[in-house]
Amino acid sequence: MSKPTMLDVANLTTYYKISRGYVRAVENVSFQVKEREAMGLAGESGCGKTTIALSLLKILPHNGSIKSGHIFFRGLDLAQLDEYEMRQKIRWKKVSIVFQGAMNALNPVYNIGDQMIEAIMTHELETSKSKAEERSQKLLELVGLEPSRVNNYPHEFSGGMKQRAMIAMALACNPELIIGDEPGTALDVIVQAQVLKLIKELKEKLNLSVIMITHDLSIITETCDKIAIMYAGKIVEYGDIVTVFKEPLHPYTRALVQSFPDITAAKTRMKSIHGSPPDLLSPPTGCRFHPRCEYAMDICRKKEPPFLNVGHDHSVGCHLLSKA
Amino acid sequence: MEETVIKVENLKKWFPVRMGFLQTLMATKKVFLRAVDGIDFEVKKKEIFGLVGESGSGKTTTGRCLLRLTDPTSGKIFFQGKDIVLLSQKRFKPFRRKIQIIFQDPYESLNPRMTILDTLAEPLNVQGLAGEGETEEKVRKTLEDVQLVPPEEFLYRYPHELSGGQRQRVATGRGLILEPSFIVADEPVSMLDVSIRAEILDLMLDLIEKYGVSILYITHDLALARHICDRIAVMYLGKIVEKGTAEQIVYEPLHPYTKALLAAVPTPDPTSKRIQVVVKGEIPSPVNPPSGCRFHPRCNVCIGDVCRMKEPPLVDTGNGHSVACHKYSHKT
């Protein structure tokens, strides 16, 4: 049952420097992704999900940097690698990313084929152009597009086709871990369902591990095995999806689950979380959720809750549980 | 029978497609993008009527036609019994007070150079509804209504000082300040974070009850529509393919497109059945929509030539549930 761990992120901290100080986008985040497992990273905008993805590949913008922590990929600490090693060993060959692609992740002035060939040849210096061309056609076929469309430009593709092309590109150098950064957002429901199904099928077919980043919990329940809920730069709850959805322990998880409309449920008024997420330049002291939490106690304002394992791969960072 | 607030009959909006000079000379006829192509519906008093569809299905264009933000190509729109399509903009002005809109993106729909007070006071001034002293008082009351309290803290702020949720409250307030009887809400929460969506929706629902407003709720999110709308119409390529109560649409869908949409909605329950993709492909271009039933190239229950040749009419199958599909019109 228990699969070996592929990715082990330990105490990752990433800050962005701006003129007013440091934006503490990700602080002390730890999680694991096992072989052939899909993990969902859920949270609202600005909670640091994308920053984690960029940190894993070390493609942060110039003002962002990993302050501390380790990213072990099969025992190799990516946080210690330099730019050249990342490009030659890791990016695209081991870990690749599918951006929220429907809109603007593709270059409009190159055709799809050339963009894929560029990705292949940058990372595999030994591959010839004709081999790369051949492979790009096979990849398009793999994601359900006509191989002849390598000569098309992005504007000739619909939103769903662009997203498929992005997935094909991410698979260009046979990676083992794929990070999907909101791969379904900005697509229509039917097309989104098609894309999610494609990702699931490819995961099985190519034995991939997947990290799915999204604000939409229902997408995670459809595609993932494990889920990590993020709030204001921290992971507040981690576990397998059934446990987290059926018995959420952190008040934020509970509120987030309830704020999603379920089409099969009876007509209800959805619940919401009062207030809005904090400014990460100066996050609240203690537990970062305490200003919006209905169970906030004195200790929540002062001390940061420890991230406790509450049994079978289920961890929560909340004082309510550490007390009991 | 409840009172009908707005009634739309055979509404069409065709946008001319701009072509190059030579193409114009060569073309035998003008080419149109048929954004809305003959739809009928009515919204009753205090009702929330949902218009659901994928992008490009013509839902927003419908909303804009109702407000005369674009003039429909043909069709009739009866507001409280009067056809508003033929009115001049000048004569339509008093109706604007009664028909308002809340836009999708509060980051773009508020003027960044106007304070909240100015933003909310503008409709009052345009309609000449408040004297010198009254304006601020009315704005304060509206801010309280949308729970931006205390009002004095918000009056002189600019939109950039507010969060997304607060901005959408201001936009909601601007829609309500003239005490309209009908509001078009065009995806009012899709730009907001999930944790605050419900709060804004609750606020809107409370105000609807309080002021007895009817709403045309435009959304692509069927799960959301199911929870807030009384009746739902599903649009595909400028046509209404199915219309009924929210329960009918969700529990007894008839049209294959509605069924496909429902099957594609992800559910936030890990133990429930996973999504199945029923249809292939994407919504085609409304410039040259497929002949006959517009859904037939993607349809999995297409019954042959009749679907390809003849456009199915919207027929009532009982209990106010109607569907435009040959499968059902044949039976009856």
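In the predicted model, helix α4 (residues 112-123) of chain A packs against α6(A) at an angle of about 25 degrees, with the two axes 10 Å apart; axes are lines fitted to C-alpha atoms, for helices over the stretch in contact, and angles run from 0 to 180 degrees between N-to-C directions. α4(A) is therefore roughly parallel to α6(A), a term applied to angles under 35 degrees. The crossing of the two helices is right-handed, that is, the near helix is turned clockwise from the far one by less than a right angle. Helices are DSSP runs of H or I with at least four residues, strands are runs of E with at least two, and both are numbered from the N terminus.

The contact joins A:Ile112, A:Gln115, A:Met116 and A:Ala119 of α4(A) to A:Ala165, A:Ala168 and A:Met169 of α6(A), where contact requires C-beta atoms, placed from the backbone, within 7 Å. By class, 6 nonpolar, 1 polar and no charged residues take part (Ala, Val, Leu, Ile, Met, Phe, Trp, Tyr, Cys and Pro count as nonpolar, Asp, Glu, Lys and Arg as charged, and the others, Gly among them, as polar).

Because 11 of its 12 residues are buried, α6(A) is largely enclosed by the rest of the structure. A residue is buried if 20 or more other C-beta atoms lie within 10 Å of its own. Among the buried residues of α6(A) are A:Lys162, A:Arg164 and A:Ala165.

Between the chains, the contact takes 37 residues from chain A and 38 residues from chain B. On the chain B side, α8 (194-211), α9 (222-228), α10 (246-251) and α11 (256-264) each supply at least two residues, and the largest share, 8 residues, comes from α8(B). This side of chain B divides into 20 nonpolar, 9 polar and 9 charged residues.

The 18 residues of α8(B) should span 26 Å, and its end C-alpha atoms are 26 Å apart, which agrees. Its buried residues, including B:Arg197, B:Glu199 and B:Leu207, pack against α10 (251-258) of chain A as well as α5 (134-145), α7 (164-176), β7 (182-186) and α9 of chain B. Just after α8(B), B:Gly212 takes a positive phi of about 65 degrees.

Residues are numbered from 1 along each chain as its sequence is written, chains are lettered from A, and ligands are numbered from 1, in the order in which they are written. In this predicted model, local features need pLDDT of at least 70 and side-chain atom pairs count only at pLDDT 80 or more, whereas totals for chains, interfaces and linings use all residues.

Conventions: Two residues are in contact if their C-beta atoms, placed from the backbone, lie within 7 Å. The expected span of a helix is 1.5 Å times one less than its number of residues. Angles under 35 degrees count as roughly parallel, over 145 as roughly antiparallel, 65 to 115 as roughly perpendicular and the rest as oblique.
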